[in-house]
Amino acid sequence: MASYIKRTIRLNPSQARTLSGFANRRGLSEYALLLKVIDAGFLALLHGTDRETDLAEMASVIGSISERLAERGTSREEASAAEKQIAALDTREAKSHADHKSLRADWRATAEAKGFGEAAQARAIAEAKERARAGELAASPEILAARAVAWAAAKLSERQAVFPASTLAREAGDYAFGRLSHNAISAAIAEAGERGALVPRAYLDRRGAESAGFTTPEAIATEQAMLRLEAAGRGVSVPLASSLAAARTVERAARQSARAGFAWTDDQKRATSALLTSRDRVAAVQGYAGTAKTTTVLATYAREAAKSGLTVTALAPTASAATVLGEALGLRGDTVARHLVSPEAKGLGKGAVWIVDEASMLSARDMAALMASADKAGARLVLVGDVRQLGSVGAGAAFAQLQQAGMATAKLANVVRQTNADTREAVMASIEGHAGKALAALERGGGDVIEGASRDARLATMAQRYVALSPTERVRTLVIEPSRDGRDTLTAMIRQQLVQRGELSSAAVRFEALEAKGLTRAETRQAASYAIGDVVRFARDYADKGVTRGSAYRVERIDPDKAAVALKAADGSSVDWRLRQWGAGKVEVFEC
């Protein structure tokens, strides 16, 4: 019964201990004492009380409570439980403000008197750190291997939906810094597979060769959610136009384009008609670069959607692609990332359509988030891209997966940007991955393919050919080098030759350029991922740490044992950044 009453009135641990101790010391049962306390309205006085209370004091307090009740025109026998509690609280002494400095001084003096002064505290802390370090080093190989494999899988799964088993083992070994054998890591991988933390999958490299690989349950769940959202949206939307109205709209747009000197292809007409008559909430346009997807299909669809009262939003994974799409559609383009977090993205309602260019660059995680947001807002999605162009940085070929799962997709294959037949053939050969065929087509079309004995010789020739062009020709010329280092070298060569020709001043304005390190979320939590001089920029505010969103901090010091990084801002303020406690998942890291 006492236990039931304590649960019913929700005594906290301190109250329960006080009540039990008092009952034991006075030879009373808890049940009997509880009845007295509840009847007296004394329960509120038990909060936080650990000192012994004698019967005289208890009687005195109960008497004070009775006086308070009498002042309110009632008594202990007639008052409600709430009235008794109020009266009990009225009898409590007011809390006094304590001087923290004095308290700390008293605590230190007490500690010194008990033999636990500052020196003893320092020794205790040092011993604790040593024990923790020794425990880490002495951790069983099984525990360390499991931790290493979990970290490696978390890192790899952010970039690849399926990753090779060999890479997983190598990353786990790097994490352990040589403290694990290959057998220990292999055993940990096998154990993770048995308990479902890793799911075996065939891994295909760029050449199409198959090898053993893994994925994670989280990656599978993300892809399943994405595919489920697309399938649930089939046939649920009202088409923008009937088949007849769509045909008239397409022909009208094609005639207007023809008058401007650009004829529509049959692919463009079919794709535009398919979008206008689609009943699916999610539709797609798949087309090579140069098929004029934006200026024909998307421009016409966006115009008709606006006429139907839909709010049209232009989106893309990158800011540059979003700007290009927005300008082509006469809208303000925005990135997918910003759209997902902005208030405007949540309030568009059912009368909205989101047109997403370069959809092949969206990871499965981003695609699932975008589709979930559109589903919540009741917005239609038009995904535009090419599975053969740049893929996503994050894990998962979402655009290709959706097409393979049956997403309604209008396809454009006729390249119209290149009017020269040989140049068009070179473009198609590049899309198919035939470099030799592409170079041969360029030469047939009037191009000049020059071979260099070395990289520097090739870059020097490129710089000479560019400088030899007239200023007008240079404006119309694009110089491309695939590697970042090669780009910087080529730019320096061109600049030097222009200075020698007197076309460019020798005075230079130098500035520091930041290059993103591209760390995964798993890597941002490891001190070894940072170097002195790196620049860290937080993507959100941490008011209690004095960190504001967008502010840049430079890495001053790194403590691997504590997983801590000392940061300093331009104004001289310092931040003690604990990677495993706050902020590591919301940062961008750059190297100078």
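In helix H13 (residues 266-276), the buried residues are Asp-267, Gln-268, Ala-271, Thr-272, Leu-275 and Leu-276. Buried means under 20% relative accessible area and exposed over 50%, with partly exposed in between (1.4 Å probe, protein chains only). Viewed down the axis of H13, these residues fall within an arc of 160°, so they line one face of the helix. The arc is that of the directions from the helix axis to the C-beta atoms. Asp-266 and Arg-270, on the other side of H13, are exposed. The buried residues pack against helix H12 (243-259), strand E4 (282-287), helix H14 (293-307), strand E8 (380-385) and E9. Contact means heavy atoms within 4.5 Å.

The model is predicted: local features need pLDDT of at least 70, side-chain atom pairs count only at pLDDT 80 or more, and totals for chains, interfaces and linings use all residues. Residues are numbered from 1 along each chain as its sequence is written, and side-chain values use heavy atoms, with hydrogens and water left out.

Six strands form an open sheet in the order E6-E5-E7-E8-E4-E9, with parallel pairing. Two strands pair if DSSP finds at least two bridges between them. Strands E6 (334-335) and E9 (409-412) are the edges, each pairing on one side only. Strands E5 (residues 311-316) and E7 (residues 352-356) pair over five bridges. Thr-311 has Ala-352 in E7 as its bridge partner.

Glu-230 sits in helix H11 (residues 217-232). At 2% relative accessibility, Glu-230 counts as buried. Its side chain makes a polar contact with that of Arg-234 (2.8 Å). A polar contact is a pair of N or O atoms within 3.5 Å; within protein, one must be able to donate a hydrogen and the other to accept it, and residues adjacent in sequence count only if both atoms are side-chain atoms.

Conventions. Helix = DSSP H or I, 4+ residues; strand = E, 2+ residues; numbered from the N terminus.
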